[in-house]
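Me: I have a model open on my screen. Please take me through it, one question at a time.

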Amino acid sequence: MSTKWFVVVNPTSGNGISKKKWPKIYKELNHQNIEFEFAFTAYEKHSIKLIHQAINKGYKKLICVGGDGTIHNFVNAVLSLNSKNISNIKIGIIPIGTGNDWVKTYHISKNYKEAIKVIKAEKIIQQDIGKLNIKETGKEIYFNNLAGIGFDGYVVNKVHKYKHLGFLAYLTGALVSLTTYKKSNLEIKFNKTVLKGKALALLIGICKYSGGGMQLTQNANSTDGLFDITYVKNISLLTLLKNIKGLFNGKITHLKIIKNYKSSELKITVLDTQDTYIQADGEIIGSGSFSVSIVPKSINFIVP
Ligand SMILES: Nc1ncnc2c1ncn2[C@@H]1O[C@H](COP(=O)(O)OP(=O)(O)OP(=O)(O)O)[C@@H](O)[C@H]1O
C-alpha cells in the first residue's frame, strides 16, 4: 500500500487554467511536503482509467485537480470498482473548474495553497452518493452533487458554448434556452407520490450548489441519506428574470410553482418519444427513463 498521494490533473478544466496553474500547484505540493505521483488526463473520462490504475497499484489517497466533471469521474472510478476496500480511499480536491459547484458546499477554497492545506489535514466527510440507472442502456452512473432531467439537461448540453463566461455560463445557458425548450411528459414516482404530466425540470440534489453557484434545492444535506428534490412544472422567462437573485440565494425554491420533496429513491419515466437529456454533476450522461437511489456515506472526501 502506498502512503503517497496520486494526483490527476484535467488540463482542460476551467478553460485550460488547470494546465497553466499546474507548475505552481506542483511546487506548492512539494513545499507542503506532500509526497505524490501525478498524471494528466489525455481525453474525456481518462481520469477513470488513471484512478483504477492508481488504486490497483495500492494508492489510497487521491487528489483531483479540475472541476465538477473531474470530481464526478473520480467518484465513478472509485465506486465502479465495487470493492470492499473503497472505504480506505480518500479524495482531496484542488478546484479548478468553470462552475466549481461541489466545493462550495464545503467551503473548499479556490486558492490552491489553501486547498492543499486542507488536503494535508486529511479531515474526512463520508458523503452520500446518488446511483442512477438508465433504463434503455442499463448504464449505471454515480453522482456526488446533483442530477437532473428536462430543462436542466438541455441547458448543460448547451453550456459548453458559454464556458468562456465562467460561472455565468450556466445562467446564460438557462436564459437563452427557456424559450426554445420543449417540455417532456414525465412520470415521477417516489415514496407514495406520483407526479405526472408535462414538466420543465426535475432536480435531484445531494449538495447545495449547481449551475455556477445556484441553490436550486431546499435544505440540501449531503449526509442525511436523502435526495433533495425540486420539481418545476413550468416557469416563465419573466418570473425567472424577476427571481435571478433567488436562483443564487435559494429563495427561488420557495415560489409556489416550485415543489420540494425528499426521498432516498425515485423512478422517472419519460412518457413521450422526444430525447430528454439527463445530466449528472454537469455532465450529460444519457436520456430517457431512469431510476435513482442513494448510497449513504459511500465516498470519503477531504474537507476543511
Ligand atoms: N484531456 C482531456 N481532453 C478533453 N476533455 C477532457 C480531458 N480530460 C478530462 N476531460 C473532460 O473535461 C470535462 C470537463 O471537466 P471539468 O468539469 O473538470 O471542468 P469544467 O467543465 O471547466 O468545470 P465545471 O464542471 O466545474 O464547470 C469532463 O467531462 C472530462 O471528462
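This is a predicted model: local features need pLDDT of at least 70, side-chain atom pairs count only at pLDDT 80 or more; totals for chains, interfaces and linings use all residues.

Me: Which element supplies the largest share of the side of domain 1 that touches domain 2?

Reply: The bounds come from an automatic or database domain assignment, which gives domain 1 (2-122) and domain 2 (130-296). Contact means C-beta atoms, placed from the backbone, within 7 Å, and it takes 14 residues from domain 1 and 23 residues from domain 2. Helix 3 (68-79) and helix 4 (102-106) each supply at least two residues of the domain 1 side. The largest share, seven residues, comes from helix 3.

Me: What separates the centres of domain 1 and domain 2?

Reply: The centres are taken over C-alpha atoms. For domain 1 and domain 2, the separation is 26 Å.

Me: Is Leu79 buried or exposed?

Reply: Leu79 is found in helix 3. Leaving aside neighbours within four places in sequence, Leu79 is in contact with Ile86, Ile129, Tyr142 and Ser298. A residue is buried if 20 or more other C-beta atoms (placed from the backbone) lie within 10 Å of its own, exposed if 12 or fewer, and partly exposed in between. With 20 other C-beta atoms within 10 Å, Leu79 is buried.

Me: Which residues of the largest nonpolar core touch the most other members?

Reply: A nonpolar core is a set of buried Ala, Val, Leu, Ile, Met, Phe, Trp, Tyr and Cys residues joined through C-beta atoms within 7 Å. The largest one has 87 residues. This core draws at least three residues from each of domain 1 and domain 2. Touching the most other members are Ile51, Leu62, Cys64, Val65, Phe74, Leu202 and Ile204.

Me: Which residues is Cys64 in contact with?

Reply: Neighbours within four places in sequence are left aside. The contacts of Cys64 are then Val8, Thr70, Ile71, Phe74, Ile91 and Ile93.

Me: What is phi of Asn100, and is Asn100 buried or exposed?

Reply: Most residues other than glycine have a negative phi. Asn100 sits in the loop between strand 4 (90-95) and helix 4, and its phi is positive, near 50°. With 23 C-beta neighbours inside 10 Å, Asn100 counts as buried.

Me: Is Glu122 buried or exposed?

Reply: Glu122 also has a positive phi, of about 55°, although it is not a glycine. Glu122 lies in the loop between helix 5 (112-121) and strand 5. There are 11 other C-beta atoms within 10 Å, so Glu122 is exposed.

Me: Which residues does Ile124 touch?

Reply: Ile124 is in strand 5 (residues 124-134). With 14 other C-beta atoms within 10 Å, Ile124 is partly exposed. Not counting residues up to four places away in sequence, Ile124 touches Lys90, Asn300 and Ile302.

Me: What is the radius of gyration of the protein chain?

Reply: The chain has nine helices and 16 strands. The radius of gyration is taken over C-alpha atoms, and the globule rule is 2.2 Å times the number of residues to the power 0.38. For 304 residues the rule gives 19 Å, and the chain is close to that, so it is as compact as a globular protein of that length. Its radius of gyration is 19 Å.

Terms used
Residues are numbered from 1 along each chain as its sequence is written. Two residues are in contact if their C-beta atoms, placed from the backbone, lie within 7 Å. Helices (H or I, at least four residues) and strands (E, at least two) are DSSP runs, numbered from the N terminus.
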